[in-house]
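Here are a few notes on the charged pairs, jotted down for your next look through the coordinates.

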Amino acid sequence: MPALQAMASDAQLVTAVEEALDRALTSHELAPNLREAMRYACLGGGKRVRPLLVLRSAEAVGGRADRAMPAAVALEMVHCFSLVHDDLPALDNDDLRRGRPTAHKAFGEAMAILAGDGLLSVAFEVALSCQVNSATVARELGVATTAMITGQVYDTLGGFEGDPAPDDRLRQVHRNKTGALIRCACRMGAICGGADQRGLAALTSYGDAMGLMFQVVDDILDETQSTEHLGKASGKDREAGKLTYPSVHGLEKSRRTVEDLQRAAHDALASLHAAADPLRAMADALAVRTR
Ligand code: GRG
């Protein structure tokens with residue numbers, strides 16, 4: 001993999017992630033039609049928030065972004081698998097993703113299921129190609145993927161233990177469905193960057209705050225932005241009667257929650273120096289994102 005310059009811009013890192021995703025999907029032995037569907041699901045859109053968090057977390061603890069690239073690519077593959085399966089008729093039944101037809105609209109349901117499966121398994125091969133701590137990185141990815149699927153079950157099928165209050169259920173859904181991969185991004189980056197226990201704990205707290213903040217912002221955008229602007233269907237959660245921050249707490253309180261979580265993300269980084277500034281900037285940018 002080409003070496004990345006120290007302190008590359010976010011745009012340079014995103015380009016490097018997309019090139020690495022492209023290389024991983026080109027070099028694997030795959031049926032040509034499966035490769036095409038997997039490439040469609042991964043390339044051509046997406047903010048790349050999770051891989052950026054991996055690379056920036058590695059740098060924040062004094063490591064090199066390029067050493068964390070396999071973890072970043074693996075995590076983005078798991079994220080893309082989750083989007084493909086989430087869009088299927090049996091789950092969210094969406095036609096639009098990243099401003100284009102969803103994978104099952106473009107390739108049919110069977111291929112979309114298989115492309116998602118393929119991304120999930122290739123992700124673990126890629127994670128295991130990390131040069132240091134590959135088994136730990138792969139385990140982190142496995143734990144987070146299982147938590148994400150648990151969150152999706154809570155969100156779509158219920159099954160909470162006991163009878164938690166709406167706010168508790170909401171937190172359990174969000175922390176698992178969206179939070180787990182974002183927390184994992186920060187932990188995998190820290191591990192690839194050679195973090196000590198303090199650094200790992202700081203980035204875990206940062207990832208927790210960022211994961212919840214990301215989904216609260218997503219809930220707000222789902223209520224306040226158009227389908228055209230988001231490039232995916234908006235307003236569906238309320239229609240489906242799903243628990244969201246605005247439906248439980250209202251928009252104003254949800255916005256205050258975002259500010260609280262943004263502050264918590266900054267506080268978590270207090271022991272880290274200037275190398276963590278890109279993570280501070282990401283907290284600020286993701287708090288006010290509009291798509
Ligand atoms: C295993 C059958 C089966 C299905 C898995 C686990 C799962 C389905 C879905 C995951 C749940 C999910 C899609 C959560 C939503 C998280 C979220 C806010 C996604 C959008 O992320 P962005 O905004 O998307 O980062 P881009 O397109 O920018 O990458």
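**Salt bridges: some notes**

1. At 17% relative accessibility, Arg-97 counts as buried (buried is under 20% relative accessible area, exposed over 50%, partly exposed in between, with a 1.4 Å probe and protein chains only). Bear in mind that this is a predicted model, where local features need pLDDT of at least 70, side-chain atom pairs count only at pLDDT 80 or more, and totals for chains, interfaces and linings use all residues. Residues are numbered from 1 along each chain as its sequence is written, and side-chain values use heavy atoms, leaving out hydrogens and water.

2. Arg-97 has a salt-bridge partner in Asp-87, with the closest N and O atoms 2.9 Å apart (a salt bridge puts a side-chain nitrogen of Lys or Arg within 4 Å of a carboxyl oxygen of Asp or Glu). Arg-97 lies in strand S1 and Asp-87 in the loop between helix H4 and S1, so the pair ties together parts ten residues apart in sequence (helices are DSSP runs of H or I, at least four residues, and strands are runs of E, at least two, numbered from the N terminus). Asp-87 is buried too, at 2%.

3. Glu-140 forms a salt bridge with Arg-187, again 2.9 Å between the closest N and O atoms. Glu-140 is in helix H7 and Arg-187 in helix H8, so this pair links parts 47 residues apart in sequence. Glu-140 is buried at 14%, and Arg-187 is buried at 17%.

4. Asp-277 and Arg-280 meet in a salt bridge at 2.7 Å, N to O. They sit three residues apart in helix H14, about one helical turn. Asp-277 is partly exposed at 39%, whereas Arg-280 is buried at 18%.
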